[in-house]
Amino acid sequence: MDVFNPATQERLESVPDSSADTVDRAVHAARTAQADWERLPPIARARHLRAISAKLRENVDELAKIISREQGKILPLAQVEVEFTADYIDYMAEWARRIEGEVISSDRPGESIFLHRKAIGVVAGIIPWNFPLFLIARKMAPALVTGNTIVVKSSEETPLNAFAFSKLVAETDLPPGVFNHISGTGSGPGAALSRHPDVDLISFTGSVETGLRIMQAAAANLTRVNLELGGKAPAIVLADADLGLAAKAVYDSRMTNTGQLCNCAERVYVERRIADEFVDRLAQLMRDTRYGDPLSNEDLDMGPLVNEVGLKKVAGMVERAKGDGATVVVGGGPADVPRGHHYQPTILTDCRADMEIMRKEIFGPVLPIQAVDSVDEAIALANDSEYGLTSSIFTNDLSTAMRATRELRFGETYINREHFEAMQGFHAGRRKSGIGGADGKHGLYEYTETQIVYMQHG
């Protein structure tokens, strides 16, 4: 498979579209290594993880340039991704001494009941392209510290960072077979991993459509799945909000990684009496956005979309929204840049709840806005979605903020801040946004199964 730079359309390198035999060998290696890996004390497994994070910190600039080159991410954000990935691995390594079971009261005299948390076995981690290095760690680190082994399939759009990461792992003394990486398409090795009878858990981040196909393939073996899928995150801006803070937070939530982020703000509901002022503030931030080739100019706010398919999707959704009556305030079309998949930062107003652009995931630098008359209307419209990953509300009224946390039916709600989760939280969606979650204690335990032991000792 050829890998291209989305900012220049330059061919970078070719990588294998792995065969079914390669998938079998990777899974077999993981299965062979798993029992001995699980026998290690958790603290010994954690030491291996810390060796990997140390390698990342020694190679931040090199890895960031690889990510930027193949994904189009601006270089400062790519550097943050590498550093955050190292921090995340260390954070999960800290759980080595904190994995806990339970002692449960028995109905019988002279009996104790124990709940043990144990490794599931072999994990398949199927990675998307938008934060490709971090998402390897988000699956690998909790899997390994809990005693599992893993086979990672990198995205066909961004495999080069995964190969670089794998080479760094190979420089440590991690036992063979504990971490395995294969490249290729979703329909090839991705599908083979999903239906493999010797995989015990599939952890996938990506689209709803692909998640459904993975579930269908996994069902034949009753393989567990952990799915982080799409989002259509609402941001609610009320009249009593700090409009400067709200505009900047919504802008950051939308424009990070060129809007290619499942938890970023995808639609805005703004109270009508302050709608014009809010839109003016947001529009100025959009107009000031600097974009282009991230490696030719480090002083940018935004890079290109990842490929031509993504560019055409965004452009088509905006055109259909205009045809349905939406008004373009800023942007509204592909950017006038000689090469690459660039789209202008765009604001659309006069949007309605029935429009495609208010219901389907855009995954680009486009923000549709609908004016509302009350917080009741805003919450009702926010909840009227097939997605349920993230949400936000901007208000200075504590009662309103607390009410929103009760009534918004989303896995995450941000109050007076941008959409971006913490590694110690729990990133999980509802409805078509996924099954299970990641991060923190609850994300760690997604990679364990329980065993109940009844011990009669009276």
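Student: In this predicted model, how far apart are the closest N and O atoms in the salt bridge that Arg290 forms with Asp299?

Tutor: As a general idea, side chains of opposite charge can pair when their charged atoms come close. Here the salt bridge between Arg290 and Asp299 has its closest N and O atoms 3.0 Å apart. Arg290 has a relative accessible area of 37% and is therefore partly exposed, and Asp299, at 48% relative accessibility, counts as partly exposed as well.

Student: Which residue does Arg11 pair with in a salt bridge?

Tutor: The partner of Arg11 is Asp2, and the closest N and O atoms of this pair are 3.0 Å apart. Arg11 is partly exposed, with a relative accessible area of 45%, while Asp2 falls into the partly exposed class at 40%.

Student: Where do Arg31 and Asp198 lie, and how many residues apart in sequence are the parts that this pair ties together?

Tutor: The side chains of Arg31 and Asp198 meet in a salt bridge at 3.2 Å, taken from N to O. Because Arg31 belongs to helix H1 (residues 20-39) and Asp198 to the loop between helix H7 (186-194) and strand E8 (201-205), the pair ties together parts that are 167 residues apart in sequence. Arg31 is partly exposed at 26% relative accessibility, and Asp198, with a relative accessible area of 28%, is partly exposed too.

Student: At what angle do helices H2 and H6 pack?

Tutor: In general, two packed helices are described by the angle between their axes and the distance between the axes. In this model helix H2 (residues 42-58) packs with helix H6 (residues 160-170) at an angle of about 125 degrees, and their axes are 9 Å apart. The crossing of H2 and H6 is right-handed.

Student: Which residues form a nonpolar patch on the surface?

Tutor: The patch consists of Ile104, Ile452 and Tyr454, which together have about 290 Å² of accessible area. Of these residues, Ile104 is placed in strand E3 (residues 102-104), and its relative accessibility of 33% makes Ile104 partly exposed.

Key:
Residues are numbered from 1 along each chain as its sequence is written. This is a predicted model: local features need pLDDT of at least 70, side-chain atom pairs count only at pLDDT 80 or more; totals for chains, interfaces and linings use all residues. Side-chain values use heavy atoms; hydrogens and water are left out. Patches are made of residues with over 30% relative accessible area and no salt bridge: like charges are joined within 9 Å, nonpolar side chains (Val, Leu, Ile, Met, Phe, Trp, Tyr) within 5 Å. Accessible areas come from the Shrake-Rupley method with a 1.4 Å probe; for residues, only the protein chains shown count as cover. A salt bridge is a side-chain nitrogen of Lys or Arg within 4 Å of a carboxyl oxygen of Asp or Glu. Helices (H or I, at least four residues) and strands (E, at least two) are DSSP runs, numbered from the N terminus. Buried means under 20% relative accessible area, exposed over 50%, partly exposed in between (1.4 Å probe, protein chains only). Axes are lines fitted to C-alpha atoms, for helices over the stretch in contact, and angles run from 0 to 180 degrees between N-to-C directions. A crossing is left-handed if the near helix is turned anticlockwise from the far one by less than a right angle, and right-handed if clockwise.
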